[in-house]
Amino acid sequence: MNPPRRTAPFRLAALAAGAVLLTLTGCAGFEYRENVCGGGEYPVLAVGSSGSACVADAEEPPAGYARYPEGKVPKQVDDKWDVYWNSHTLDEDGKIIDIAG
């Protein structure tokens, strides 16, 4: 007859280690951020409105769209510039304007 296994202490140690890990990280290491555009694309802004689209890297923006100003390009959903462009846009001259709400 085989002696009984003593796995309970190991299970308890594994659970304790997991609890410590979650406490120390605060789940911050598990945050998911969605990109504005997929790989091989860049975001463009609809002129005169808050609309946007994604364009293939090798293409120019379609009529009615423009590239975002340098340094003000949204990269991820709800990042600083994604939120900013919800209430701003470009006019026909490329000037940043507020969108009347």
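In which helix do W81 and Y84 both lie? They lie in helix α2, which spans residues 80-84. This is a predicted model. The protein has two helices and five strands, and an aromatic cluster involves W81 and Y84.

**Overall layout**
- From the N terminus on, the elements run α-β-β-β-α-β-β.
- The protein has 101 residues, and 18% of them are buried.
- Take the contacts between residues at least 6 apart in sequence: 31% of these join residues at least 24 apart.
- The protein exposes about 7,800 Å². Carbon and sulfur atoms supply 56% of that area.

**Aromatic pairs**
- The structure holds three aromatic pairs.
- One of them joins W81 and Y84, with ring centres 5.2 Å apart. Their planes meet at 80°, so this pair is edge-to-face; the cut-off for that label is over 60 degrees.
- W81 and Y84 sit three residues apart in helix α2, which is about one turn of the helix.
- Y84 also pairs with W85, with ring centres 5.0 Å apart. The planes of Y84 and W85 stand at 90°, so this pair is edge-to-face as well.
- Y68, W81, Y84 and W85 form one aromatic cluster.

- W85 has a relative accessible area of 3%, so W85 is buried.
- W81 is buried too, at 19%. Buried means under 20%.
- Y84 has a relative accessible area of 23%, so Y84 counts as partly exposed.

Technical notes. Residues are numbered from 1 along each chain as its sequence is written. This is a predicted model: local features need pLDDT of at least 70, side-chain atom pairs count only at pLDDT 80 or more; totals for chains, interfaces and linings use all residues. Side-chain values use heavy atoms; hydrogens and water are left out. Helices (H or I, at least four residues) and strands (E, at least two) are DSSP runs, numbered from the N terminus. Buried means under 20% relative accessible area, exposed over 50%, partly exposed in between (1.4 Å probe, protein chains only). Contact means heavy atoms within 4.5 Å. Accessible areas come from the Shrake-Rupley method with a 1.4 Å probe; for residues, only the protein chains shown count as cover. Rings of Phe, Tyr and Trp (its six-membered ring) pair if their centres lie within 6.5 Å; planes under 30 degrees apart count as stacked, over 60 as edge-to-face and the rest as tilted.
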